[in-house]
Amino acid sequence: MKTFQTLSELASLVGQEVAVSDWITITQQQVNLFAEATGDHQWIHVDVEKARAGPFGGPIAHGFLTLSLLPRFFESSFEVVQSRMGVNYGLNKVRFMAPVPVGSRLRARMKLLACTPIDNDGIQMTWEVAIEREGHAKPVCVAESLSRRYP
């Protein structure tokens, strides 16, 4: 976990990889709960027996489940001491580049692409987030994430 004292200290890192998250293990329970929350019960995610005979040899996580872990990745990567809150502002680009079999361990690498001042002395940050699967060179997801932080 990296610690920054101020937003300007973080903003000075535009163009650099700022942090790498902790590893997260994807469980079948997470996949099932995500299916319940979203209504996406496709067999490749929730039918373990059928998925074993499928193209990936077992169930895989929903792409949007992988994407929904972005806040957790950010939270485990860095903090800004003099920031009272941060909010998700959206996404510019998202690509799901490889499957995430249940049992995989994932982490994210965060590169700060841009930092722009906004109202109330805040900043809007554009991040390139590459989500990696342990033991594989190709990212499973790459997203351009927008967030806002306020002092």
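Serine 77 sits in the loop that connects helix H6 (70-75) with strand E4 (78-80); helices (H or I, at least four residues) and strands (E, at least two) are DSSP runs, numbered from the N terminus. The model is predicted, so local features need pLDDT of at least 70 and side-chain atom pairs count only at pLDDT 80 or more, while totals for chains, interfaces and linings use all residues. Residues are numbered from 1 along each chain as its sequence is written, and side-chain values use heavy atoms, with hydrogens and water left out.

**Serine 77**
- Serine 77 has a relative accessible area of 1% and is therefore buried (under 20%; exposed is over 50%, partly exposed in between, with a 1.4 Å probe and protein chains only).
- Beyond its neighbours within four places in sequence, serine 77 is in contact with Met1, Lys2, Ala19, Val20, Ser21 and Met110, contact meaning heavy atoms within 4.5 Å.
- The serine 77 side chain also reaches the backbone nitrogen of serine 21, at 3.4 Å.

**Histidine 41**
- Histidine 41 is located in the loop between helix H2 (28-38) and helix H3 (43-46).
- Because its relative accessibility is 41%, histidine 41 counts as partly exposed.
- Apart from neighbours within four places in sequence, the contacts of histidine 41 are Ala35, Glu36 and Val46.
- A C-alpha separation of 26 Å lies between histidine 41 and alanine 108, which are 67 residues apart along the chain.

**Largest pocket**
- The largest pocket holds about 390 Å³ of space; a pocket is an open set of points on a 1 Å grid over the protein atoms alone where a 1.4 Å probe fits, with protein on both sides within 12 Å along at least five of seven lines, and lining residues have an atom within 4 Å of a point.
- Grid points are joined across faces, edges and corners, and a volume is the space filled by probe spheres set on the points.
- Its lining comprises 18 residues, with Leu70, Pro71, Phe74, Asn88 and Ser147 nearest the centre of the largest pocket.
- Two or more lining residues come from each of H6, E4, strand E5 (85-96), strand E7 (122-133) and strand E8 (141-150), and E8 gives the largest share, five residues.
- The lining of the largest pocket has 10 nonpolar, four polar and four charged residues (nonpolar: Ala, Val, Leu, Ile, Met, Phe, Trp, Tyr, Cys and Pro; charged: Asp, Glu, Lys and Arg; polar: the others, Gly among them).

**Second largest pocket**
- The volume of the second largest pocket is about 220 Å³.
- Of the 16 residues lining the second largest pocket, His45, Ala61, His62, Gly63 and Phe64 lie nearest its centre.
- The largest share of this lining, three residues, belongs to helix H5.

How values were computed. A polar contact is a pair of N or O atoms within 3.5 Å; within protein, one must be able to donate a hydrogen and the other to accept it, and residues adjacent in sequence count only if both atoms are side-chain atoms.
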